[in-house]
Amino acid sequence: SSGIGLVTARLAAVRGARLVLNARNESALRQIAIEINQAGGQAIGVVGDVGNFEDVRRIGDAAMQLYGGFDTWVNNAGVSIYGQVLDQSLDDQRRLFDTNYWGVVHGSMIACGHLRTRGGALINVGSVLSDRAIPIQGTYCASKHAVKGYTDALRMELEEEGAPISVTLIKPSAIDTP
């Protein structure tokens, strides 16, 4: 509903992609789907939290129901905490990992379960901060390091089994997301 996800959805729609969008913010999600559809694209929104596996399963189910499947899945959800790591509550840190790491795991499991038989692309959005941690965003850096490790291992495992899935990790630098 903002940042890289919003820009990517708009650009993909212009290029003819049929989209199943996800966000926790129902009104923002609805507005984005309306905007894309009014511009001639095809998009639906599935409200949910990627930290919850069942919510992510509903995204995949919606794609199957509406479009008969998918050939590309993008895991892009992300949040950050600003502050020294020892001053951050454990609840806040766990919530960040639920979104940033477990959201990628949940999405990858659903996507690969589908793409193993059809082929396609899995794209995980990480961060340049997976390679270089910085102060005041230590928990975010740790979660993106986990995403990098998970994505690299998944890529090798799928390659070893001969699965027809390309696995990409994108590591953007600073993004001005509200």
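**Ground rules.** I am reading a predicted model, in which local features need pLDDT of at least 70, side-chain atom pairs count only at pLDDT 80 or more, and totals for chains, interfaces and linings use all residues. I number residues from 1 along each chain as its sequence is written, and side-chain values use heavy atoms, with hydrogens and water left out.

**Helix α5.** I looked up α5 at residues 138-161 and found 24 residues. Helices here are DSSP runs of H or I with at least four residues, strands are runs of E with at least two, and both are numbered from the N terminus. From first C-alpha to last, α5 reaches 35 Å, close to the 34 Å expected at 1.5 Å a residue; that expected span is 1.5 Å times one less than the number of residues. Just after α5, I noted that G162 has a positive phi of about 75°.

**Which residues of α5 are buried?** I listed T139, Y140, C141, S143, K144, V147, T151, L154 and L158. Buried means under 20% relative accessible area, exposed over 50%, and partly exposed in between, with a 1.4 Å probe and protein chains only. I reminded myself that an α-helix has 3.6 residues a turn, so residues three or four places apart point the same way. The buried residues of α5 pack against α4 (90-118), β4 (120-125) and β5 (165-170).

**α4 with α5.** I found that their axes come within 9 Å and cross at roughly 15°. That makes α4 roughly parallel to α5, a label for angles under 35 degrees. Axes are lines fitted to C-alpha atoms, for helices over the stretch in contact, and angles run from 0 to 180 degrees between N-to-C directions. Contact means heavy atoms within 4.5 Å. Among the residues that meet are L96, F97 and V104 in α4, and V147, L154 and L158 in α5.

**α3 with α4.** I looked up α3 at residues 53-67, and its axis comes within 9 Å of the α4 axis, crossing at roughly 35°. F53, V56, R57, G60 and M64 of α3 make the contact with H106, G107, M109, I110 and H114 of α4.

Where is I136? I found I136 in the loop between β4 and α5. I136 has a positive phi of about 75° although it is not a glycine. Most residues other than glycine have a negative phi. I136 counts as partly exposed, at 40% relative accessibility.

Terms used
Parallel < 35°, antiparallel > 145°, perpendicular 65-115°, else oblique.
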